[in-house]
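This report goes through one protein chain, from its overall make-up down to single residues. Look at the sequence and the 3D view before reading on.

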Amino acid sequence: MPRTDEVLADPRLVGAADRLGPGLVKQVVLEALARCRTGELSPGEVADAAVAGLPSAATTLRSVINATGVVVHTNLGRAPLSSAAVDAMTIAAGATDVELSLATGRRDRRGRGTLAALAAAVPAAGGVHVVNNGAAALGLVTLALAAGREVVVARGEMVEIGDGFRIPELLESIGARLVEVGTTNRVRLADYEAALSERTAFVLKVHPSNFVVEGFTAAVGVRELAGLPVPVVVDIGSGLLRPHPRLPQEPDADSALRAGATIVTASGDKLLGGPQAGLLLGDAELVERLRRHPFARALRVDKLTLAALEATLTGPTPPVAAALARMPDDLLARAQRIVEELATVPGLAVEAVVTAGAVGGGGAPGVELPSAAVSLPAGLAEPLRTGDRPVVGRVHDGRLLLDLLAVDPADDPVLVEAVRRCT
Ligand SMILES: *Cc1c(COP(=O)(O)O)cnc(C)c1O
């Protein structure tokens, strides 16, 4: 058995300790030594095995190729950021003028560039503010307006977001009382009118972003609700700022505000394609009140988020928007090219197939996005997931489908290489 400090003296591991930190490198060395103790490695192989086991960065998170066909995949971190957003975060990571005017040398409004970009992107918003996520945005409005008061909401919009989180419980945990109106499938303006009282803080409209109710249904639009004598808060969920041609049913911030919403809340990391954030858009005076609320500090976003959000708003097309713009013929042609490249692997059953992708939990429920996939034996799912560059597909009807809808074309060769390595 080599000694731990002998192995750690290997120049490759000394370099790695500078890059990744000594604790992490020592951990990897101890794991290699444990394999040597069981006879799995010879003493001469320990240093090489440790070097091979080093992560590329000091994080346990891995860079994954999303071949699920779900564009905004919650378990894969929702929206992947554009490289412009990543560059912006790298700049913001150091000392940065997030709250300082370099011109005057005085303190300045935090994140002014990001807020200006957001205001420019949603002209119908009198005021804009950014918090930690969509739930925080809705929570802040509720805290400021409805603690100890009532929020009127349609029964069919009592949404569970995921992982057990429910919008109604979020509001109740802040001390608001919910007044449910209508039935699961139908609600009328008269139902809302009948529920209003001097205790009403606002009417809430929530986008059912992860399910659809079909058949005998009726809902009340923002324009009609805006005629009621109370504020109307609209939680659009997905963060579309303007209508999207491929997602005609998906609500967007600009339309909701034009229709008369007092405040719109939304997530930054769903269809907007940015970092995790919560957007508050609307009535200038109310937004200012929210920004000044004592609890707003607890929901404050960091400089990295501000940087990534600004670049998402002003920079090149983010990956989510790029995925939504992909056409089925192009996707099928890519799948066919990958199949041709893999045809040289002996005995591999591989073909290009037509599929239906989805936006995902982030919005546009029930909308199928025509796509294409590389169909492979289901047994490859696990080795692809656990390889050097993990690829996550979906297993359907006994086959592993690597759907290309959410895959950057630049990653197609990486996908080919990953499959080759597993066969
Ligand atoms: C996703 C979603 C939320 C929660 O947003 P987070 O950014 O995940 O906190 C709230 N409301 C709706 C309608 C949503 O779709």
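## The chain as a whole

The model is predicted. Its protein chain holds 423 residues, of which 45% are buried. The secondary structure comes to 17 helices and 15 strands. Along the principal axes, the C-alpha trace spans about 80 × 55 × 40 Å.

The chain exposes about 20,300 Å² of surface, and carbon and sulfur atoms supply 53% of that area. Contacts can also be sorted by how far apart the partners lie in the sequence. Taking contacts between residues at least 6 apart, 73% join residues at least 24 apart.

## Salt bridges

Side chains of opposite charge can pair when their charged atoms come close. A search of the whole structure finds 23 salt bridges.

Lys205 and Glu157 meet through their side chains in a salt bridge, with 3.1 Å from N to O. This pair links distant parts of the chain, 48 residues apart: Lys205 belongs to strand S7 (residues 200–206), while Glu157 sits in the loop between strand S3 (150–154) and strand S4 (160–162). Are the two partners buried or exposed? Lys205 has a relative accessibility of 16%, so it counts as buried, the cut-off being under 20%. Glu157 is buried too, because its relative accessible area is 7%.

In another salt bridge, the side chains of Glu160 and Arg166 meet at 2.7 Å, N to O. Glu160 is partly exposed, with a relative accessible area of 34%. Arg166 counts as partly exposed as well, at 41% relative accessibility. Asp5 and Arg3 also form a salt bridge between their side chains, at 2.8 Å from N to O. Asp5 is partly exposed, with 46% relative accessible area.

Salt bridges can also share residues. Here Glu99, Arg107, Arg110 and Arg300 are linked in a network of them.

Helix H5 covers residues 83–93 and helix H13 covers residues 303–314; their axes come within 8 Å and cross at roughly 150°. The crossing of H5 and H13 is right-handed.

Which residues of the two helices meet? From H5 they are Ala84, Ala85, Ala88, Met89, Ala92 and Ala93, and from H13 they are Lys303, Leu304, Ala307, Ala308, Ala311 and Thr312. Sorted by class, the contact between H5 and H13 has 10 nonpolar residues, one polar residue and one charged residue.

## A residue in strand S14

Val395 is found in strand S14, which runs over residues 394–396. Is Val395 buried or exposed? Its relative accessible area is 52%, so Val395 counts as exposed, for which the cut-off is over 50%.

Leaving aside residues up to four places away in sequence, Val395 touches Ala378, Ala381 and Leu400.

How values were computed:
Residues numbered from 1 in each chain as written. Predicted model: local features only at pLDDT ≥ 70, side-chain atom pairs only at ≥ 80, totals over all residues. Heavy atoms only, no water. Salt bridge = Lys/Arg side-chain N within 4 Å of Asp/Glu carboxyl O. Buried < 20%, exposed > 50% of the residue type's maximum accessible area, 1.4 Å probe, protein only. Helix = DSSP H or I, 4+ residues; strand = E, 2+ residues; numbered from the N terminus. Axes fitted to C-alpha atoms, helices over the stretch in contact; angles between N-to-C directions. Left-handed = near helix turned anticlockwise from the far one by under 90°. Contact = heavy atoms within 4.5 Å. Nonpolar A, V, L, I, M, F, W, Y, C, P; charged D, E, K, R; others polar. Areas by Shrake-Rupley, 256 points an atom, 1.4 Å probe, with all protein chains shown as cover.
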